[in-house]
Amino acid sequence: MQTDFHHAVTYVAARTAGFTHQDADIVAYSAQYVDDAVSDGLVHFDNNAFYARIHSSHKSADIGNLNNDQNLMIWLPFHFLPGNGGKGPGQDPDGTFIQKIVCLPDSPPAKEMVQAAVDDKGKPYSLHRLGIALHVYADTWSHQGFAGVIHEINEVEHARELKSSGMYSKQLQHVLEDILDDVIPPLGHGRAKDFPDLPFLHWQYRNGRGVWIVRDNPTDFCTAADAMCQVMQRYLGKAQDGLPAADKTLLAKIFLELKVKDDKARHRQWLEIVKNGFKGEKFSFGTAEISYAAEGANSWKEKALGSSWDMRVHKYTPAFLSSHWKLFHDALQLHRLTVLHDILPKYGICAG
């Protein structure tokens, strides 16, 4: 999924679950920032203090995408959570180890992951931690069938659009061939380009094992948003009824009718929808003004460090310790530790 879902739809799900605007804003920003936290290493301050951070994503052209060792530490815990074939702890799916680390929607490891985030309620970074877990949880629907390593199981052949979205003048396979399919490594859904992330798309393809896969993105996106709402209701100690029926219907309508391929352009339209509604309809919480900036004066990073750039030395202020950027990175480390060292080993997956 992309910025429109991880930021705007997460905000909508949080508000319908019962979060205040302020808390929903933190959860939604954290959910999207997982895709934008691309720097790691020590941050040095002018008073000799320092802070050690990890990253949760690579830059799009990062050579690290070709390093399977780095993939295990980035893509598995933050983007392609292993699904263990849908089996529970101590069980194995048929086949080899790769079948254990293929991402699956709402898998047993995914359920444990979001529950661990709920259980950490009360910590200074609990809202940030919840947002991170919800990013990974949502991606178990859009990234289903793909693994966060370079492997033939991620091959995509003969992709076809099943219902005309009006966005493609030729078959998806031809679109893939046009972008030099063979040059792109079979990592995650790289061979499928952004098709798993487009909310309006119905499509099918043949994977690296020769199995035909049918994908209904609008339904998957609605199911993910409803499941996220239930997790957030659990966090708040409320009945886990999921999205109100009218909100769910409106979400489904937007997913189907907002046919914009560009991620940033689609996100801008979502910000307008949250502010003014969609074709005369509004979500049950009313309207709100939200924004997201990964870099620049309005970003968490620049507010915490005084610059979005990774400087050799940053000016230290006492406010750094309680900044959203620092709390997000605290939560990021706990999320990775929990997933790789507490949860996945129960399923026989050693990846940390």
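1. Disulfides. A disulfide is a pair of cysteine sulfur atoms within 2.5 Å. By that cut-off, this predicted model holds 0 disulfides. Cys229 is in no disulfide, and its nearest cysteine sulfur, that of Cys222, is 12 Å away. Cys229 is also buried, at 0% relative accessibility.

2. Cys350. What separates the sulfur of Cys350 from the closest cysteine sulfur? The distance is 19 Å, to Cys103, and that is too far for a bond. Is Cys350 buried or exposed? Cys350 counts as exposed, because its relative accessibility is 70% and the cut-off for exposed is over 50%.

3. The three-stranded sheet. Strands E3, E4 and E5 form an open sheet in the order E3-E4-E5, and the pairing is antiparallel. Strand E3 covers 156-161 and strand E5 covers 212-216. Both stand at the edges with a single partner strand each, so one side of each has no neighbour in the sheet. From one strand to the next, the twist averages 20°.

4. The E4-E5 pairing. Strand E4 spans residues 202-207. It runs antiparallel to E5, and 5 bridges join the two.

5. His158. This residue lies in strand E3. Its phi is positive, about 55°, although His158 is not a glycine. With 34% relative accessibility, His158 counts as partly exposed. Please look at the backbone here.

6. The E1-E2 hairpin. Strand E1 (residues 41-44) pairs with E2 in the antiparallel sense, over 4 bridges. Gly41 has Arg53 as its bridge partner in E2. The hairpin has 5 residues between the strands. In this hairpin, Asn48 takes a positive phi near 75°.

7. The two faces of E2. In a regular strand the side chains alternate between the two faces of the sheet. Which residues of E2 sit on the covered face, and which on the uncovered one? Strand E2 covers residues 50-53. Tyr51 and Arg53 make up the covered face. Phe50 and Ala52 make up the uncovered face. Arg53, on the covered face, is the bridge partner of Gly41.

8. Asn84. Here is another non-glycine residue with a positive phi, near 50°. Asn84 lies in the loop between helix H3 (68-78) and helix H4 (97-101). Is Asn84 buried or exposed? Asn84 is buried, with a relative accessible area of 0%.

9. His143. Where is His143 found? His143 sits in the loop between helix H6 (126-142) and E3. It counts as buried, at 5% relative accessibility. Leaving out residues up to four places away in sequence, His143 touches Met1, His79, Phe80, Cys103, His189 and Asp197.

10. Which helices each supply at least two residues of the lining? They are helix H2 (21-33), helix H11 (300-305) and helix H12 (324-343). H2 gives the most, with 4 residues.

11. Glu302. This residue lies in helix H11, one of the helices that supply residues to the lining in point 10. Glu302 is partly exposed, with a relative accessible area of 25%. Not counting residues up to four places away in sequence, Glu302 touches Gly296, Ala297, Ser307 and Ser308. Glu302 and Trp325 are 23 residues apart along the chain, and their C-alpha atoms are separated by 8.7 Å.

Notes. Residues numbered from 1 in each chain as written. Predicted model: local features only at pLDDT ≥ 70, side-chain atom pairs only at ≥ 80, totals over all residues. Heavy atoms only, no water. Buried < 20%, exposed > 50% of the residue type's maximum accessible area, 1.4 Å probe, protein only. Pairing = 2+ DSSP bridges. Axes fitted to C-alpha atoms, helices over the stretch in contact; angles between N-to-C directions. Contact = heavy atoms within 4.5 Å.
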